[in-house]
Amino acid sequence: MSKYLLEVGVEELPYKFIPMAISQLENGFKTFLDSNNVKFDKINVMATPRRLAVIIEGLADSQPDVEKVVKGPIATVAYDENKNLTKAGEGFAKKNGVEAKDLYVEDNYLYAKISIKGKNTKELLQDNVPQIFAKLQGPHFMRWASNDVKFSRPIRWVLSILDGEEVKIRIIDKESSNITNGHRFSTQNIVINNPDEYVAKLRDAHVIVDQAERRERILEVTQKEADKLNAVTKISDDLLEEVTFIVEYPVAVTCNFNEEFLTIPQEVAVTVMETHQRYFALYTKEGKLTNKFVTITNYIGNEFENIKAGNLRVIKARLDDAVFFFKEDTKKPLEAYIENLKGMTFQKGMGSVYDKTQRIIKLAEKLNPSETVKRTAELCKADLATNLVFEFTELQGFIGADYARVSGEKAEVSQGIKEHYFPLNADSETAKSVEGQIVGIADKIDTICAVFAAGKKPTGSSDPLGVRRAALGIIKTIIEHGLKIDLSKLIDDALELLPVKSDCKADVEEFFVQRLIIFLASDYKKEVLEACSAKNPCEDLCDYVARVKVVSTLNDAKLLENANRVLRILKDEVNSKVDSSLFVLDAEKDLFNAVDAISFNGDYVPYLQELIEINPVVTKFFDDVLVMDKDEKIKNNRLALLNELKNKYIILTDFSKM
């Protein structure tokens, strides 16, 4: 078995493209090898800002030889009356590289069994690797120099080796060799004799080519710096991935800024460090932000004074701006900014942000009329008109919360303003405060209804105003906190408040149901989720989840059989009531009494057990009773009885979808 190494050296790649390239290269090589029936053990794709590398282990030396049976012309066409091959027969033999003696007739057709020798893996690599690379896709691809093929950045070198032998290929305008380059300020022109020495030689040249190893090193060196100061870090996965893909050789340097900058909202300082500068903020053991941070440099050496000074200059300028905006903004209370929202458009045809705020207030009051909820709704968008949010848009809500505190608003209002944007993404926490939950739901339902009413509902490639995230936020908030909210009614209220009237309620509800099913799909079977959605989940999401949990435990074939038999019989709507005086058989009376005894007290676990326990009674009814009796009154009475049973079943789920 062999090992193949491909490395494509480039100018610094945009960090967002690198994970895309890793995934595409892995899929591309796997598809190539599988489609050509070339066996392999493992494909490992590694990347830094200056190189994309692929190592394939356990690679077969060639495709396996295969025997193939090829069908030819009809025997009477392939042979003449003297049993000699005709021109058609000879042509078939020549085409498939066989002699006349190797041909045979079966079912009146001419056949040839041919042996196809597998291609050498080296040849396959030469033919296919350039194509795999040419198929890479990403944002902002362009042509470089005089090349027609587009790519993210210019290619500087190509390394291609199978075991100890070069595999000559050409990618765009660069011919391959067995030479690579280390870190920009380290060893260049490194000869790679075989793939096994690649990672180690690059490490010696100050390049950690494996992104997983590089990621762990970043965490390790950052932790060492934090430990020196008895501090802790809070590094997000997104920031860690970005830093991993902007350096080849991570070196941690601790820097600091003036403590006076800690007077501004903590989120502002952290955003400057993490989002704008890709620094790792340091905190005390108690979680309070310090004036120190760690920057990861792509540096070789031990002289860090210039690095520290440069980073301090940059962050000081950004924080100076933040301090200035903070002081200017807080010269007046947060409430004073509400009027400025009238000049900010929410969405074309849907009024200003001020108009949206008034709708949020009304919707929130319908859900919870408390004073703190109303005040939170009034102030929830006010910070959008401040200088600091204009500069740091991603901090809307956080800044509003801090300004509310400075303005003397109640703590519940301040927290609600911050949390009404929660959850910030699919994995983040939901609002803990009632104010944040209620105002957040009101805000999000208004946005969703406005998008649908404007005819801009999301498609596979578009998500206007992030309505998918908004719907997920509502679903998570309601379910996690057990809120008793009728979303169906809330959608009605939200659509009624919009300046543009639209009959899109059914679309909005369907959108919510689909998002709900997707949200729960990792924990429950799709058929259970869809069966339980027959009863509109929007009327009570928590009730829907409770039913799904119970139905997921169902393991009773007889209940499914009986319920489905009832549903099949009752295709048409039944409006008549049961008349016990029309009962003819004991089985009718027994079923009537059993159904009448079933009651739902809000707990689906014992309710399911009650449905299971009447199985023998239902089975006996079907064994003893002919539902479609010749007597019309008796027939209709029996249908009415089954309808009562059906109504008990559908309280739990639609068994016909199970």
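Before I come to the sheet, one term: two strands are said to pair if DSSP finds at least two bridges between them. Please also keep in mind throughout that what you see is a predicted model.

With that term in hand, we can look at an open sheet of 3 strands, whose order is 4-6-5 and whose pairing is antiparallel. At its edges lie strand 4, residues 66-74, and strand 5, residues 103-106, each of which pairs on one side only. From one strand to the next, the twist averages 35 degrees.

How many bridges join strand 4 to strand 6? There are 7 of them, linking strand 4 with residues 109-116 of strand 6, and the two strands run antiparallel.

Let me now step back to the whole protein, which has 25 helices and 18 strands. Its radius of gyration is 35 Å, well over the 26 Å that the globule rule gives for 658 residues, and therefore the protein is more spread out than a compact globule. Along the principal axes, the C-alpha trace spans about 105 × 95 × 45 Å. Of the 658 residues, 48% count as buried, and among contacts between residues at least 6 apart in sequence, 68% join residues at least 24 apart.

Finally, some details of the backbone. Between phenylalanine 422 and proline 423 the peptide bond is cis, with omega near -10 degrees, and proline 423 sits in the loop between helix 14 (411-419) and helix 15 (434-453).

Histidine 140 has a positive phi of about 60 degrees although it is not a glycine, and its place is in the loop between helix 4 (121-134) and strand 7 (142-143). Is histidine 140 buried or exposed? Its relative accessible area is 67%, and since exposed means over 50%, histidine 140 is exposed.

Asparagine 189, also not a glycine, has a positive phi of about 55 degrees; it lies in the loop between strand 13 (179-180) and strand 14 (190-191), and at 58% relative accessibility it counts as exposed.

Conventions. Residues numbered from 1 in each chain as written. Predicted model: local features only at pLDDT ≥ 70, side-chain atom pairs only at ≥ 80, totals over all residues. Heavy atoms only, no water. Helix = DSSP H or I, 4+ residues; strand = E, 2+ residues; numbered from the N terminus. Axes fitted to C-alpha atoms, helices over the stretch in contact; angles between N-to-C directions. Rg over C-alpha atoms; globule rule 2.2 N^0.38 Å. Buried < 20%, exposed > 50% of the residue type's maximum accessible area, 1.4 Å probe, protein only. Contact = heavy atoms within 4.5 Å.
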